[in-house]
Amino acid sequence: MEHTHTAVAHEEHGHDSSTKSIWKTFWILLVITIFEVGLAFLYLEYDFMARWALNGIFVTLTLVKAFFIVAEFMHLRHEIRNLIMTILMPLLLFVWFIIAFLADGDSWKNMRKDLSPGTPAAPAKHITNEHAPAHH
Amino acid sequence: MDTAVTAKKKWWSGGHSPFNVSYGKLMMWYFLMSDAFTFGALLISYGTIRFMSTSWPDPNEVFHAFPGMGHTNLPLVFVSLMTFILIMSSVTMVLAVHAGHMRDRKAVVKWMSWTILGGIAFLSCQAWEWTHLHEAGAWWGRNPFLNVDGTVASTNFTNFFFTITGFHGLHVTSGVVLNIIILANVLKGTYEERGHYEMVEKVGLYWHFVDLVWVFVFTCFYLL
C-alpha cells in the first residue's frame with residue numbers, strides 16, 4: 001500500500017517539479033563547496049580574517065550542506081514527524097560529545113605546555129607547577 | 001489509502017507503521033544513525049588529538065598535488081574534484097530513486113550506472129591520492145610533514161588521515177558493491193515483478209550517507 005501511495009503522490013506532483021528540486025539541491029551544494037574552497041584560497045593568499053572566524057564559517061557551511069543532503073537527498077524533510085524525531089534526537093548526543101572531548105583535548109594541551117621541561121613558567125604559577133608532576 | 005497523512009491520525013494505535021515507512025527503510029535509517037556515531041567518534045577523537053597538540057601540519061602544504069601536474073602547487077584542487085564527483089553521484093542516485101517511483105526501469109538502469117561510475121571514479125581518485133602520499137613518505141606510523149610552526153610533527157596526523165579516509169573509502173567500496181547488486185536485480189526484473197523499487201531507495205539512503213560523511217571529512221581534514 002505504501003508504495004502504491006508514494007508512486008501516486010509523485011505522479012501527482014509531476015515529473016518536473018521533483019527533478020527540479022533535485023537539481024536545485026545539487027546547485028546549492030556545489031555553490032557552497034566552491035565558496036568554501038574560494039574562501040580557503042583567499043585566506044591562503046591574503047590572510048584577511050581571523051582563523052577562528054574562518055573555521056566558524058567552514059563549520060556552519062558544512063552543517064548547511066549536511067542539512068540539504070539529509071533533508072532533500074535522503075528525503076527526511078518529507079517524512080512524518082515521528083520518523084524525523086527518532087532520527088534526529090539521538091544525534092543531539094553529539095553536542096555533548098564534541099564539547100566534552102574538545103575541551104578535554106584543550107586542557108591537556110595547556111597542561112603539557114605548562115609542564116614541559118624548560119618552560120619558563122610565570123612566577124605566580126611556579127609553585128603549583130612544582131606539585132603538578134605528582135598528577136602524572 | 002490507510003497511509004494518507006492527516007493531522008488527526010493516531011500513529012500509535014496500531015494497524016499501520018507509526019513511522020509511515022517500511023521496516024527495511026526504518027532499519028536502514030537506524031543503521032545509518034549508528035554509523036554516524038562511528039564516524040562521529042573517529043572525527044571527534046581526531047579533533048581531540050588536534051586540540052591537545054601544540055602545533056599541527058598545514059593541510060594546504062600536505063594536499064597540494066594534482067595528477068599529471070608534477071610539482072605545481074595546487075592546494076585543495078584535487079580534493080575539490082573528488083567532492084564534486086561524490087556530490088554528482090549523489091544526484092544521479094536521487095534521480096535513480098525518482099525513476100524507481102515512476103516505475104521507469106530504463107531510467108533506473110541509466111542513473112544507477114552513472115552512480116556506480118561516480119563511485120568508482122571517487123575511489124580511483126582516492127587511490128591516486130593515497131599512492132601519492134605514500135610516495136611522499138606518509139603512511140600509518142610515518143609522517144614526513146612538518147608542523148605549521150616548523151617543529152617535527154607526530155604521526156597522529158597521518159594515522160588519523162589514513163584511518164578515517166580509509167574507513168570512508170571502505171564505505172564507498174561497499175556502497176559501489178551494493179549498487180552493482182541492486183543494478184543486477186533491476187536488470188533481471190526482480191523489482192518489476194515485486195511491483196516497487198524500494199531496494200533502490202534503501203541503497204540510495206546508504207549512498208547519500210556516504211556523501212554526507214565525506215562532507216564532514218572534507219571540512220575536518222582539508223579546510224580546518
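**Where chain A meets chain B**

Let's start with the contact: 47 residues come from chain A and 47 residues from chain B. Two residues are in contact if their C-beta atoms, placed from the backbone, lie within 7 Å.

This is a predicted model, where local features need pLDDT of at least 70, side-chain atom pairs count only at pLDDT 80 or more, and totals for chains, interfaces and linings use all residues. Residues are numbered from 1 along each chain as its sequence is written, with chains lettered from A and ligands numbered from 1 in the order in which they are written.

Which helix gives the most to the side of chain A that touches chain B? α1(A) does, with 17 residues. By class, that side has 27 nonpolar, 12 polar and 8 charged residues. Ala, Val, Leu, Ile, Met, Phe, Trp, Tyr, Cys and Pro count as nonpolar; Asp, Glu, Lys and Arg as charged; the others, Gly among them, as polar.

Now one helix pair. The axes of α4(A) and α1(B), residues 23-52 of chain B, come within 7 Å and cross at roughly 25°. That makes the two helices roughly parallel, a term for angles under 35 degrees. Axes here are lines fitted to C-alpha atoms, for helices over the stretch in contact, and angles run from 0 to 180 degrees between N-to-C directions. Helices are DSSP runs (H or I, at least four residues), numbered from the N terminus.

Who makes this contact? From α4(A), the residues include F94(A), F101(A) and W108(A). From α1(B), they include G40(B), I44(B) and M52(B). By class, this contact has 10 nonpolar, 4 polar and 3 charged residues.

Technical notes: Parallel < 35°, antiparallel > 145°, perpendicular 65-115°, else oblique.
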